[in-house]
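This report is for a reader who has not seen the structure before. Please look over the sequence and the model first.

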Amino acid sequence: MSRAIRFAPLVLLFLLIAALIWRLATPVDSTVSSKLEGKSLPAFALPAVVAKPGLASQDLQTGTPRILNIFASWCVPCVAEVKVLQELKRRGVHIDGIAIRDRPEDVAAFLQRNGDPYERIGSDAQSQVQIALGSSGVPESFVIDGRGVIRYQHIGPIEGSDIPTMMSKLEQAR
Amino acid sequence: MKRLCLLLALIAAQPLLADSKLPPAYWANRQLPDAKKEARAQSLMEELRCLVCQGQSIADSDAELAGDMRDLVRRRIDAGESPEQVRSWLVQRYGSWVSYRPTTEVAAWPLWLAPLALLVVGAVLIRRRIRLKAHR
C-alpha cells in the first residue's frame, strides 16, 4: 500500500468534520415554497365564514393585483400580521383571506379583536384549497395579478419591514 | 409566597397550542371500505412527506395538515385516481420534495450510481488482494 493512501481515512475524517461544521453554520432552509408561482390559481370556491362574501378563484381575477392571505384565528403570528395588513389596506391594497380550519364564531372574534383588512373571506375547513395552492402553513400570502396568476408567495407573517417588498411585488404584478 | 406561587405556575405552564378547534377531516383517520383502495392509499401515504413535521410521512404524522392530506389522498383514490396521479398532483404543488420515492431526475443520479460505484471499488480491491497473494 502506498504512503499517500494511508492518510486517506484521516483526510476523509477532516472532510466529514468540515461538512458537519458547514451544515451547522448554514442550516438547511426548511420552508416549503409553492411551485405554483407564475402559474394560474387552481379553481376553487369557498363558502363564507363571517358576514362577508366567501371566496372563489374568479374573485381574484378582477384586473387589479390582490393579496390572498392564508390565516387562521388559532394562529398566533397571524394576530400581529393583521396590523400590517391593515396598513397595506390603507395604502389601497385589496386583500382577501382564506381561513384555515376555522369556526365562524372564532373568526368573528379574531376580526373584532385584531381588525379586519379583508374584502372577502373563504372558509377552508379541511385545508383542501391550502394544499391545492401548495401552501404548507399559516400565515402565508400570495400576490395574485389581475388575471388570476400567482406572482409571488410570502411565507410566514408579513411584517412591517416586508411592506416595501409587498408593494413592489404588487406593482410588478400590475 | 407570591413568588413561590408564580414559580409553581410556571411548572404547570404549557406552550400555546397552534392547533385548530375543528375535528380531523372525515377520512383522516378512517379506512376506506374497499380494502384494495385502502391498501393503495396507505402505501402512497407512507411515501408522502408531512409538510409540518418534515421527517415524517403523512401516514405517521399527527399534524392536522397531515390529517387533511390523508383525507385528500383517500378521497382521490376512492374517486378512482391512481396513486401516481395523486403523487404527481402534489409534486406539481410542492416539488419532488413532497414524495419520498427517489426519482430519476439528474439530481438523484448519484443515488442510483453510488451502489454500482461501490461494487466496482470492491471488485478492484478484491482483485488486488488475490493478485498479491498469488505473487507470494
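## Basis of the description

This is a predicted model, in which local features need pLDDT of at least 70 and side-chain atom pairs count only at pLDDT 80 or more, while totals for chains, interfaces and linings use all residues. Residues are numbered from 1 along each chain as its sequence is written, and chains are lettered from A and ligands numbered from 1 in the order in which they are written.

## The sheet of chain A

Chain A holds an open sheet of 5 strands with mixed pairing, in the order S5-S4-S3-S6-S7. Strands are DSSP runs of E with at least two residues and helices are runs of H or I with at least four, numbered from the N terminus; two strands pair if DSSP finds at least two bridges between them. Strand S5 (121-124) and strand S7 (150-155) of chain A each have a single partner strand, so one side of each has no neighbour in the sheet. On average, neighbouring strands are turned by 20 degrees against each other, direction ignored. Axes here are lines fitted to C-alpha atoms, for helices over the stretch in contact, and angles run from 0 to 180 degrees between N-to-C directions.

S4(A), residues 94-100, runs parallel to S5(A), with 4 bridges joining them. A:Ala99 stands opposite A:Ser123 in S5(A), and A:Ala99 is also the bridge partner of A:Phe71.

## Strand S3 of chain A

All 6 of the 6 residues of S3(A), residues 66-71, are buried, so the strand is largely enclosed by the rest of the structure. Buried means that 20 or more other C-beta atoms, placed from the backbone, lie within 10 Å of the residue's own. In a regular strand, side chains alternate between the two faces of the sheet. In S3(A), A:Arg66, A:Leu68 and A:Ile70 are buried on one side, and A:Ile67, A:Asn69 and A:Phe71 on the other.

S3(A) pairs with S4(A) in the parallel sense over 6 bridges. Towards S6(A), S3(A) runs antiparallel, with 5 bridges; one of the bridge pairs is A:Asn69 with A:Ser141.

## Contacts between chains A and B

Contact joins 22 residues of chain A to 20 residues of chain B, where contact means C-beta atoms, placed from the backbone, within 7 Å. Helix H5 (residues 128-132) of chain A gives the most to the chain A side, with 3 residues.

Conventions: Two residues are in contact if their C-beta atoms, placed from the backbone, lie within 7 Å. A residue is buried if 20 or more other C-beta atoms lie within 10 Å of its own, exposed if 12 or fewer, and partly exposed in between; C-beta atoms are placed from the backbone.
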